[in-house]
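Colleague: I would like to learn how to read a few features of a model. Please take them one at a time.

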Amino acid sequence: MNNYKKAYIAGGCFWGMEDLFRVRPGVVDTEVGYMGGENDNPTYRNHLGHAEGIEITYNPEETSFKLLLDYFFRIHNPTTIDRQGNDRGSSYRSAIFFQNDEEKEIAEEVIKIVDASNKWEAKAVTTLEPYSTFWPAEPEHQDYLAKKPNGYTCHFERFGTFI
């Protein structure tokens with residue numbers, strides 16, 4: 001039996017986030033989906049208020065929630081409200097969906113570190129939202145950039161580590 005953990009984040013189009021996280025050390029699996037919205041069983045065409053997010057399954061013996069968040073803040077712009085690259089709207093907000101008080105505290109700590117670094121031109125607007133339900137996206141969105149390597153993404157690594 002493994003002791004894998006899951007983390008839930010959103011930072012723009014889920015294709016690019018998933019593509020970069022899937023190859024991180026300690027990451028066992030990724031899945032794209034919808035979180036934090038108003039309707040059950042959301043779809044790409046009907047996900048009112050949901051963010052395009054990813055579920056990251058990771059091995060805590062190889063990485064940590066804190067290290068995952070450090071990377072998260074380096075691959076998307078956390079200072080833009082409801083926007084990443086050409087994508088606009090609440091679906092593309094920067095959010096961390098915490099599952100317990102410990103994750104919330106770690107997220108608050110990492111945001112303070114990111115803001116204090118002054119690597120971004122403004123302060124992070126990343127929301128901290130309690131985890132509710134992760135709704136997996138349709139099959140065509142899973143591993144999208146692995147299937148279509150020249151597909152759209154606005155995610156890339158910036159800076160060195162924050163922590």
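Modeller: Start with Phe 159. Phe 159 sits in the segment after α4 (144-147). Helices here are DSSP runs of H or I with at least four residues, strands are runs of E with at least two, and both are numbered from the N terminus. This is a predicted model, where local features need pLDDT of at least 70, side-chain atom pairs count only at pLDDT 80 or more, and totals for chains, interfaces and linings use all residues. Residues are numbered from 1 along each chain as its sequence is written, and side-chain values use heavy atoms, with hydrogens and water left out.

Colleague: What is the phi of Phe 159 near?

Modeller: The general idea comes first. Most residues other than glycine have a negative phi. Phe 159 has a positive phi, near 60°. Asn 118 also has a positive phi, about 60°, although it is not a glycine. Asn 118 lies in the loop between α3 (101-117) and β7 (127-130).

Colleague: Is Asn 118 buried or exposed?

Modeller: Buried means under 20% relative accessible area, exposed means over 50%, and partly exposed is in between, with a 1.4 Å probe and protein chains only. Asn 118 has 56% relative accessibility, so it counts as exposed. Phe 159 has 35%, so it is partly exposed.

Colleague: Which residues does Thr 126 touch, leaving out those up to four places away in sequence?

Modeller: A contact means heavy atoms within 4.5 Å. Thr 126 lies in the loop between α3 and β7. Beyond its sequence neighbours up to four places away, Thr 126 touches Phe 72, Phe 73, Pro 78, Ser 94, Ala 95, Ile 96 and Ile 111. Thr 126 counts as buried because its relative accessibility is 10%.

Colleague: With which side chain does the side chain of Thr 126 make a polar contact?

Modeller: A polar contact is a pair of N or O atoms within 3.5 Å; within protein, one must be able to donate a hydrogen and the other to accept it, and residues adjacent in sequence count only if both atoms are side-chain atoms. For Thr 126 the partner is the side chain of Ser 94, at 2.7 Å.

Colleague: Where is Arg 83 placed?

Modeller: Arg 83 is in strand β4 (residues 83-84). Arg 83 has a relative accessible area of 34%, so it is partly exposed. Leaving aside neighbours within four places in sequence, Arg 83 contacts Arg 88 and Tyr 92. Arg 83 and Gly 11 are 72 residues apart in sequence, with their C-alpha atoms 8.6 Å apart in space.

Colleague: How many residues of helix α1 are buried?

Modeller: Seven of the eight residues of α1 (residues 14-21) are buried. Among them are Trp 15, Met 17 and Glu 18. The cover over the buried residues includes β1 (5-11), β2 (27-35), β3 (51-58), α2 (65-75) and α4.

Colleague: Now the whole chain. How many helices and strands are there?

Modeller: The chain has four helices and eight strands. Of its 163 residues, 50% count as buried. Among contacts with a separation of 6 or more, 77% join residues 24 or more positions apart.

Colleague: What radius of gyration does the chain have?

Modeller: The radius is taken over C-alpha atoms, and the globule rule is 2.2 Å times the number of residues to the power 0.38. A compact globule of 163 residues would be near 15 Å; the chain has 15 Å, so the two agree. The C-alpha trace spans about 40 × 40 × 30 Å along its principal axes.
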